[in-house]
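Work through the exercises below with the coordinates open. Each task is followed by a solution in steps.

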Amino acid sequence: MYKVYEQTYQGLKIICIEQNSFSKSYAGIGVKFGGVDPLNESTQASGLAHFIEHKLFQMPTGDAFEEFTRMHAKANAYTTIDKTIYYFTTILSIYPPLQLLLNMYFTPYFKKEDVEKEKGIILSEIEDTFDDIQTKFAMDMMKQLYPKDPFSLSVVGDASSVKNMEKKNLIEGYKRYYTTDNSILVIVTNESHQKIFNYVKEVLKSLTLMNGTINRSPMVLSKTAGKSFKYEHTISQTMVSIGIRFSGIKGSTLFCNALMAILDSLFSPVSKFYQHLSQKKTFYADIDYMIHNSKDASYAMITTYSSIPDLFIKEVIEKLKNLSIEDLDEKLIMLTIKFLKAKYITNLDDVETLGDEILGLALEDLSYFDEEKECLSLTYDKIKDYIACFKDAIYIHGICQKK
């Protein structure tokens, strides 16, 4: 069984998960700064966090990616709505790449010519996103689910925000958010936690660290969702999506797990409701659904292809708004519960997944270990308590019609 140790050094929270059986090590450092966080109190800068993520790997000594590779460490990074994470895994000594990760994170090196060059790369990424009609359709749904809210903006920004990005914006954003108090370091290893803590402290002593906490601006200001919509596009099949905006419960994986179990019970191919929808020929592909839950917002998205999308929308929304215990299939829900519990147990053998989950939740001020206990105690009776969430929710829908 793994052991968990925590320590804080100059404001930086360090979480070390020690497990003697691990043959691979993980180290990740994250900042509470995501793709839609503003540059400052008065300036929205969609895509800034993502831009900084791209450029932080550029160091005075060269490309950090190449250096990680030379150390036989696999490195990567990603930006979400509310956080940015940099990490690596290695089967060799953790210490050289750990020093590189900390040096890279706390030593910004933004050159004007590099910033200009990066614009073309990110603009190409944005263009590819909008060329994908499924992605564009999902973004259109988000814009109506959370109208005019930062929460519904694109993590990578838009063409205008990227073109107008300057070196000074990156420096200002970095100084504002990349403080020790706004960052968390997670390490999963077979090394002694005390040895890890001592090493991190020594590396940090040689770096210039900034302190300070951030009062994040609200990402959701709208009180209700926008309008349902329909448009035509040159696609081979008509897409339909139902957006569900929840209120009340935020920032818990238990909420996600419970709602996912309910949706599994309704939309599993062996469920009664799925068979009902199938017999009426309301869809002709898999019914996909997802749940998002954070401190800022909680929503679900149900998507499929349909030749009679209006009927699919009517049937599904009517069912969810009037959901009762009798609509739930206990056997299907128990299967979902078993799957969720198995996932937590499997995570113990996957260093990268375990580290990423711990770091991601820590940046949301949640404990992976508390969430794990909640999930392992999940029961059918607990899930029944979440039925009311669908009754109290706000519903919108979108249709992307085949021309």
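**Exercise 1.** Determine where His72 lies and whether His72 is buried or exposed.

Step 1. His72 is found in the loop between α2 (64–70) and β6; helices (H or I, at least four residues) and strands (E, at least two) are DSSP runs, numbered from the N terminus. The model is predicted: local features need pLDDT of at least 70, side-chain atom pairs count only at pLDDT 80 or more, and totals for chains, interfaces and linings use all residues. Residues are numbered from 1 along each chain as its sequence is written, and side-chain values use heavy atoms, with hydrogens and water left out.

Step 2. The relative accessibility of His72 is 58%, so His72 counts as exposed. The classes are buried under 20% relative accessible area, exposed over 50%, and partly exposed in between (1.4 Å probe, protein chains only).

Step 3. Neighbours within four places in sequence aside, His72 is in contact with Thr90 and Leu92, where contact means heavy atoms within 4.5 Å. The C-alpha atoms of His72 and Ser93 are 9.4 Å apart, at a separation of 21 residues along the chain.

**Exercise 2.** Characterise the surroundings of Lys83.

Step 1. Lys83 sits in the loop between β6 (73–79) and β7 (84–90).

Step 2. Lys83 has a relative accessible area of 7% and is therefore buried.

Step 3. Not counting residues up to four places away in sequence, Lys83 touches Val31, Phe33, Gly34, Tyr78, Gly360, Leu363 and Glu364.

Step 4. The side chains of Lys83 and Asp82 are joined by a polar contact of 3.1 Å. Such a contact is a pair of N or O atoms within 3.5 Å; within protein, one must be able to donate a hydrogen and the other to accept it, and residues adjacent in sequence count only if both atoms are side-chain atoms.

**Exercise 3.** Which residues of helix α7 are buried, and what covers them?

Step 1. In α7 (residues 167–177), the buried residues are Asn169, Leu170, Gly173, Tyr174, Arg176 and Tyr177.

Step 2. These residues lie on the same side of α7 because they cover an arc of only 165° around the axis. The arc is taken from the directions from the helix axis to the C-beta atoms.

Step 3. Lys168 and Lys175 are exposed on the other side of α7.

Step 4. The cover over the buried residues includes β3 (25–31), α1 (48–56), α3 (95–106) and α4 (112–131).
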